[in-house]
Amino acid sequence: MQAAAQGTPLECHAGGSKRNVGNPARRAQPVDLGAFAGIVDYEPSELVLTVRPATPLAEVEALLAANGQMLAFEPWDAGALFSGTTGKATIGGTVGAGIAGPRRLTAGGARDHLLGFHAVSGRGEAFKAGGKVVKNVTGYDLAKLMAGSWGQLAIMTELSLKVLPAPRSTATVVIEGLSPEQAVRTMSAAVGSQVSPVAAAYLPAQGGRPSQTCLRLEGFAESVALRRDQLAAMVATEGLATACHDDAPATLWQDIREAAPLRESETLWRAHLSPSRGAALAEALDRAGADWLLDWAGGLAWIGAPAGADIRALVAAEGGHAMLMRGPDHVRSSTPIRHPEAPALAGLSQRVRRAFDPAGILDPERWG
């Protein structure tokens, strides 16, 4: 509150696993929120978890797993990509950055599972929004704003999250050798069918390994087995070879959600676009000499860019938007981190930020 009165810029963090995302020349004063940790309330039968933001993500997931439940948006520790250190991700930072894994395709993102929160705005005012029940209709749905805001609207001090039962059984169908166009078409057909995969991703050929189109099924064992066979039959009608796994290799989906094949890329981009444009973007990236993988059935592309490649222009040409997630200091200092907004949208974003933080004290230079 004193900082709000004085107009001192603040950079609030707990684990700090994503502090390297953004402009490296920020001058905001670091504020450690590590004291805001711990489980506030958890009743498994109610499918709601209330927790303080600095609680380690691993601790939250372990608690839920012990009760046969999960965070359905499949968050992950971003430290390996952005800071080089794992184990520091917190639930608040994960929700604040909108981190979600492959299951986002069908389960939605963090914003769809944040029921309510307590926070302190840039005005220095404590407030709360939403509630602790799944069917919540109290006031404005500010949770949709807070998730993915990167702490630039307010600092959350407590979060209530919807949780779901963990699947009883999983299976992954891997189709080898498809082109990007074939893969996107196959993923789209599968997602739109009664087979209902919860996740769909494409890994291009690499190091002698053929391309892999990965489709994950979840549910009761009998249902999973039946849908796995239906999916294999559907693919077989196209004359494509499949390899079926009752349990996917332990690291397959972890590597996809953490963009592990691109971990060594010096400059890393994340692009969102219509899944139907994923194949065209992949082909443009190949021509530019970039490394990449597709998730969310083609709607998310992780891109390892070579020097001089105009990734943002390639993504924009396919109707998408790209965010620079990692790169050398000189690149992050000279390149807009976020995709430039259209004037009308930029004006709306500015008005929302001013409503919560009129003095601009919450990490105002993060995006350059």
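Me: Which element gives the largest share of the lining of the largest cavity?
Reply: This is a predicted model, so keep that in mind throughout. β1 (10-13), α4 (91-96) and β8 (154-162) each put at least two residues into that lining. The largest share is 4 residues, and the element supplying them is β1.

Me: How many cavities of 30 Å³ or more turn up, and how much space lies in the largest cavity?
Reply: Searching the whole structure gives 1 cavity of 30 Å³ or more. The space in the largest cavity comes to about 460 Å³.

Me: Is Glu-74 buried or exposed?
Reply: Glu-74 sits in the loop between β5 (69-70) and α3 (79-82). Its relative accessible area is 9%, and the cut-off for buried is under 20%. So Glu-74 is buried.

Me: Which side chain makes a polar contact with the side chain of Glu-74?
Reply: Skip the neighbours within four places in sequence, and Glu-74 is in contact with Ala-100, Gly-101, Pro-102, Arg-103, Arg-216 and Arg-257. A side-chain to side-chain polar contact is found at 3.0 Å, and the partner there is Arg-216.

Me: What about Ala-280: how does its 22% relative accessibility class it?
Reply: Ala-280 belongs to helix α10, residues 278-287. Buried needs under 20% and exposed needs over 50%. Ala-280 has 22%, so it counts as partly exposed.

Me: What separates the C-alpha atoms of Ala-280 and Pro-180?
Reply: Along the chain, Ala-280 and Pro-180 are 100 residues apart.

Me: What share of contacts in the chain between residues at least 6 apart joins residues at least 24 apart?
Reply: The chain has 13 helices and 17 strands. Taking its contacts between residues at least 6 apart in sequence, the share that joins residues at least 24 apart is 70%.

Terms used. Residues numbered from 1 in each chain as written. Predicted model: local features only at pLDDT ≥ 70, side-chain atom pairs only at ≥ 80, totals over all residues. Heavy atoms only, no water. 1 Å grid on protein atoms, 1.4 Å probe; cavity = no way out; pocket = protein on both sides within 12 Å on 5 of 7 lines; lining within 4 Å. Points joined across faces, edges and corners; volume = space filled by probe spheres on them. Buried < 20%, exposed > 50% of the residue type's maximum accessible area, 1.4 Å probe, protein only. Polar contact = N/O pair within 3.5 Å; in protein donor to acceptor, adjacent residues only side chain to side chain. Contact = heavy atoms within 4.5 Å.
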